[in-house]
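Take a look at the sequence and the model, then read on.

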Amino acid sequence: MSHSLFLKSLLVFISIGIPTIPFAQETNLQPPYAGGPSSWSSFARGGAVYQFDTDLDEDGSYNTTRFTIQTGAGYSWDTQSNVSFSIGYSYDGYDFSGDAGLGSLNPWEDIHTISLGVPMRKAIDNNWTAFMIPSIRSTGESGANFDDTLTGGVLGGFSYRLNDKLTLGPGIGVISQLEDSATVIPILIIDWKINDKWSLNTGRGLGATLGPGLTLNFQPNSTWRFGVGGRYEKLRFRLDKNGRTAGGVGEDSSFPVFVNGTYSIDPKANLSIVGGVELGGELKVEDKDGQTIEKESYDTGVFLGVTFNKRF
């Protein structure tokens, strides 16, 4: 196994704790808990991020503007047993320039994602908890055939509370891919309260990270929290049915590493600033049968954005 393939496999394994399908937008494992048994709750969250001009291998460059919004509601029987429904929308706008390679091809522009998920969690006993997340989404460029943009899958597994500070759990996900074999993903849940100020966990992520990752957090007080993390991400989408690569598939993959600072406006609302770099990035264009037309790596990309989270 090559070094890059090993690194990719390792990051996928450790970063999918509460996963997304397929690494675009957040799928929360549970609805916000409203504070008592047999209670309803709802949430809204979102974010926007800009990736600055990034050089491509063949005399070109591109930049990306991303925006995502998600809302949902859930019912909790207790703190460990709940079900929720979420709907989300994501926009990824690409701007290419250059005289060669993908820069001149301008393979895609505006990508739209609509996602539906039904996260479920059930306590088995005082220590064991089971979860399952069926999900379906449409991911495609403006003008793509809707029927050709659909993918879906299900993720499931268990978590075990070793003590009040550490919860671990295994799981697996099976996720369909556009013009490619279904992806089977190992899942690892980590929720470790190292001490009163430091924690390590997998969990939700929005904006720059396009999904969950492994994050080390530092919370000096009840108002501020800071974190550093990373993950592997891959976004595949159907291309315009009338473009140069009509009905084909585009792909953007990379290893984002990020830092963030979160300010708690009140106990149910927070605002975060996030920034970082995209490492090992690659863009790919495939025809409608999944055969590669063009593939190009890109230099380290720098991104900056803001996210919010509100519970009701």
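## The chain as a whole

Of the 312 residues in this chain, 49% count as buried, where buried means under 20% relative accessible area, exposed means over 50%, and partly exposed is in between (1.4 Å probe, protein chains only). The model is a predicted one: local features need pLDDT of at least 70, side-chain atom pairs count only at pLDDT 80 or more, and totals for chains, interfaces and linings use all residues. Residues are numbered from 1 along each chain as its sequence is written, and side-chain values use heavy atoms, with hydrogens and water left out.

You'll find two helices and 17 strands here; these are DSSP runs numbered from the N terminus, with helices (H or I) of at least four residues and strands (E) of at least two. As for contacts (heavy atoms within 4.5 Å), take those between residues at least 6 apart in sequence: 58% of them join residues at least 24 apart. The chain's accessible surface comes to about 14200 Å², and carbon and sulfur atoms account for 58% of that. Accessible areas come from the Shrake-Rupley method with a 1.4 Å probe, and for residues only the protein chains shown count as cover.

## A negative patch

Now for some charge: D53, D55, D57, E58, D59, D95, D99, E109 and D299 form a negative surface patch. Patch residues have over 30% relative accessible area and no salt bridge, and like charges are joined within 9 Å. A salt bridge is a side-chain nitrogen of Lys or Arg within 4 Å of a carboxyl oxygen of Asp or Glu. Asp and Glu count as negative, and the charge is placed at CG of Asp or CD of Glu.

One member, D95, sits in strand β3 (residues 81–98). With a relative accessible area of 45%, D95 is partly exposed.

## S61, tucked away

S61 belongs to strand β2 (residues 60–78), and its relative accessible area of 14% makes S61 buried. Beyond its neighbours within four places in sequence, S61 touches T54, D55, L56, D95, F96 and S97.

## Two residues with positive phi

Most residues other than glycine have a negative phi. D59, though not a glycine, has a positive phi of about 50°. D59 is in the loop between β1 (39–56) and β2, and is exposed at 55% relative accessibility.

N106 isn't a glycine either, yet has a positive phi of about 45°. Look for N106 in the loop between α2 (101–105) and β4 (110–117); N106 is partly exposed, at 31% relative accessible area.

Definitions and conventions. Patch = residues over 30% accessible without salt bridge, like charges linked within 9 Å, V, L, I, M, F, W, Y side chains within 5 Å.
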